[in-house]
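Please open the structure in a viewer and keep the selection tool at hand.

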Amino acid sequence: MKLSTQRLFDDCYGKYAIAAVNVFTMEQVLGVFEAASVSRSPVIIQTTPVARDYAGATMIIAMIDAAAEIFPDVIYALHLDHGVEAHIDSALSSGKYSSVMIDASHESFEDNVQRTSAIVKKAHAHGIPVEAELGVLSGVEDDIDVSDSQAKYTKPEEVLAFVSQSHCDSLAIAVGTSHGAYKFAGKQGIRFDILAMIQEMLPKFPLVLHGGSAVNPYHVTRINGFGGSMMTGSRGVKDEEIQKAIPLGICKVNIATDLRILWTAVHREHFYLNPCLFDPIVPGKQYRKELIEMLVSKFELLGSKGKSCNFFGQSNEHLKLRNQ
Ligand code: 13P
């Protein structure tokens, strides 16, 4: 059952977080729904503009609709990740999305407010909540590539003004994570001091952690053991960091890289060990199986396992916008 993203946040705030999983392929769409069904966990399924372009928005949305029909017990929201105006217009007019993200984080504060509030106005007219971003994450995701020198932590002293001027419904913040497989060097990690100050400025307001992948060293070793050459020093967010972030207002944890690393590990291993095989179904099944296992443990980590029962009896009439 598709619900409003805001409804999911109202339930989880401060207690558990919702995994927001980026999908590109049929195996990923089915894997996310099956894992959510097995775990009885609410989930946010999200598409970037690149995911929408890969096979066409019609195709990816149809796959998600089909998975929702196969797994009617799954509580989910469909979110547009890292959109700009054209993608958001198309997502809003499709009537399929539960929420959209406007990523104007590279702009000045004033321009970010202005672009975000224009999107909020349009999206709220469709009954759709908006995630905005303040601060800039480094790393590579799809067609976004931000160097470490361009990255900026979110300034806690700006968040209240940003939210009240833009009227966004949730806020992605930069607290040290980055997109991709190379998040932290040395002892770096999430800046909990900044996160705690942001929550103090915005109590009860849903915060979003981009760059939430763990980058499991087992799969990096597996990739490199079967002919890959991922850089050593790849490192993601530790489980303890994710758990510590939840009571500080992180409601949504974005995960894309972990699915890609797993895909590469499974396929490299399969074709390395079976050089004569060329059937996509064999590694495809193995990928889905391992993806389900990985997501089931993510739901456990985020505390969302078993929480779907909190939503039964709810429907889209409960879609309510925080700022209207
Ligand atoms: P990862 O690269 O850590 O998976 O983050 C994905 C993300 O933030 C999508 O918006």
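Two residues are in contact when heavy atoms of theirs lie within 4.5 Å. Please bear in mind throughout that this model is predicted.

**First stop: Arg52**

Select Arg52, which is found in helix α3 (residues 49-54). Is Arg52 buried or exposed? Its relative accessible area is 7%, and buried means under 20%, so Arg52 is buried. Next, display its neighbours: leaving aside residues up to four places away in sequence, Arg52 touches Thr47, Ala57, Ile60, Leu80, His87, Ser90, Ala91 and Tyr97. Arg52 and Phe24 are 28 residues apart in sequence, and their C-alpha atoms are 7.9 Å apart in space.

**Second stop: helices α2 and α12**

Two packed helices are described by the angle between their axes and the distance between the axes. Select helix α2 (residues 26-39) together with helix α12 (residues 281-302); they pack at an angle of about 45 degrees, and their axes are 8 Å apart. Because of this angle, α2 is oblique to α12. The crossing in which α2 passes α12 is right-handed.

Which residues of the two helices meet? On the α2 side, select Glu27, Gln28, Leu30, Gly31, Val32, Glu34, Ala35, Ala36, Val38 and Ser39. On the α12 side, their partners are Gly284, Tyr287, Arg288, Leu291, Ile292, Leu295, Val296 and Phe299. Colouring this contact of α2 with α12 by residue type gives 11 nonpolar, four polar and three charged residues.

How many aromatic pairs does the structure hold? There are three, and two of them are visited here.

Select Phe33 and Tyr76, an edge-to-face pair with 5.0 Å from centre to centre and 70 degrees between the planes. This pair links distant parts of the chain, since Phe33 belongs to helix α2 and Tyr76 to strand β3 (residues 76-83), 43 residues apart. Phe33 is buried, with a relative accessible area of 1%, and Tyr76 also counts as buried, at 4% relative accessibility.

Finally, select Phe109 and Phe162. They form an edge-to-face aromatic pair, 6.0 Å centre to centre, with 70 degrees between the planes. Here too the pair links distant parts of the chain: Phe109 is in helix α6 (residues 109-125) and Phe162 in helix α7 (residues 156-166), 53 residues apart. With a relative accessible area of 18%, Phe109 is buried; Phe162, at 0% relative accessibility, counts as buried.

How values were computed:
Residues numbered from 1 in each chain as written. Predicted model: local features only at pLDDT ≥ 70, side-chain atom pairs only at ≥ 80, totals over all residues. Heavy atoms only, no water. Axes fitted to C-alpha atoms, helices over the stretch in contact; angles between N-to-C directions. Helix = DSSP H or I, 4+ residues; strand = E, 2+ residues; numbered from the N terminus. Parallel < 35°, antiparallel > 145°, perpendicular 65-115°, else oblique. Left-handed = near helix turned anticlockwise from the far one by under 90°. Nonpolar A, V, L, I, M, F, W, Y, C, P; charged D, E, K, R; others polar. Phe/Tyr/Trp six-rings, centres within 6.5 Å; stacked < 30°, edge-to-face > 60°. Buried < 20%, exposed > 50% of the residue type's maximum accessible area, 1.4 Å probe, protein only.
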